[in-house]
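Hi everyone, thanks for coming.

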Amino acid sequence: MINAGNAEGRKAPVYSLVIPIFNEEAVLPLLVRRITTLLDSLDASAEAIFVDDGSRDTSVIFLRGMAAGEPRFKLIELSRNFGHQIAITAGMDAAAGDAVIVMDADLQDPPEVVLDLVAKWKEGYEIVYARRIKREGETLLKRLTASLFYRVLEQMTSVTIPRDVGDFRLVGRKALETFKRMPERDRFVRGMFGWMGFKQTAVAFERPVRAAGETKYPFWKMVRLAVHGIVSFSDKPLRLALWAGIAISGVAALLGFYALFSWLFVSSVVHGWTSTVVIISFLSGINLFMTGVIGLYVGGIHAEVKRRPLYVVDRLTGFEEAIAAMSRSEATTGRLPASRERRFG
């Protein structure tokens, strides 16, 4: 475990920024400048926790230098690419602040909006999420697929997930401690915060174009995220498979009656071939689809029962006092333990 503060009794920060990083070398200099300005603008002490999610470029080298020279910057290096949602979790596990702000590194989540999130938090809201009202620099296909993504989630999941809201949000300590007690492996962070309730509100902002680099959420990754969200928070696909099976059985029965009628009364029909091909092809496709739906749930159960750590930490920078108090195994594997009494500092 890592204790709060250090031997000199350094006060824990009030605000913690959590910023996942994956191959963002092109944008990091500008990001660091704007994050530094933001930290200077906040009304209380703050820290910025960068989580390198197995970057293959020079991102981690740049961040090591920044974290070594700026005590408010901290760096968690994961041993490989575990994915965006896991990287967010690692940073939130390490956060010591009473208010934790999650934001992406591409500057499409403008750091300046954090001040508006903080203002709402001070009004008594436990979770404040940033809602995109305009998306600059995105193609029509991207906007359409994003809109479809949120509408499918809205219809298929059993929790309230606001439209046009990503992972850019402020989370109070009470909600954060609840989040850390949710151990699932197949994580959909925005759905997890929607599930837990608490007093929530939105801050609207216009999303600018990406400052540099390439998007880390192309179409198929968005599809995968949507599937994870649906499977994690809804059993509707299983019920859909049940009703689809019933409906298809009814259609198959009608086709069977039609084939029997044709065999008895229509002499010109080439008996058997057409109906056999159509029925077998149709039912085989539906059977594979329903097997796949069930397989998603079984796969999720399989991942949960293995109880592997969510992530593995390769190196920490900026946590020197805490690292000195840890055993080697605690520093390199498993989830980063942090609570109100025992925090990173």
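Let's start at helix 7, residues 189–196, which is mostly covered: seven of its eight residues are buried. Buried means under 20% relative accessible area, with exposed over 50% and partly exposed in between, using a 1.4 Å probe and protein chains only. Helices here are DSSP runs of H or I with at least four residues, strands are E runs of at least two, and both are numbered from the N terminus. The buried ones in helix 7 are Val189, Arg190, Gly191, Met192, Phe193, Gly194 and Met196. Just after helix 7 comes glycine 197, with a positive phi of about 85 degrees.

Quick housekeeping. This is a predicted model, where local features need pLDDT of at least 70 and side-chain atom pairs count only at pLDDT 80 or more, while totals for chains, interfaces and linings use all residues. Residues are numbered from 1 along each chain as its sequence is written, and side-chain values use heavy atoms, leaving out hydrogens and water.

Okay, zooming out: the chain has twelve helices and eight strands. Of its 345 residues, 46% are buried.

Now, what does arginine 187 touch with its side chain? Arginine 187 sits in the loop between helix 6 (173–180) and helix 7, and it counts as buried because its relative accessibility is 3%. Its side chain makes a polar contact of 2.9 Å with the side chain of threonine 89. By polar contact I mean a pair of N or O atoms within 3.5 Å; within protein, one must be able to donate a hydrogen and the other to accept it, and residues adjacent in sequence count only if both atoms are side-chain atoms. A polar atom of the arginine 187 side chain also lies 3.1 Å from the backbone oxygen of methionine 182.

On to the inside. The largest nonpolar core has 36 residues, and Leu31, Ile35, Phe50, Leu117 and Phe168 have the most contacts inside it. Such a core is a set of buried Ala, Val, Leu, Ile, Met, Phe, Trp, Tyr and Cys residues joined through side-chain atoms within 4.5 Å. Helix 1, residues 28–41, gives the most to this core, with six residues.

Most residues other than glycine have a negative phi. Asparagine 23, though, has a positive phi of about 55 degrees, and it is in the loop between strand 1 (15–21) and helix 1. Leucine 107 also has a positive phi, near 70 degrees. Leucine 107 is at 2% relative accessibility, so it counts as buried.
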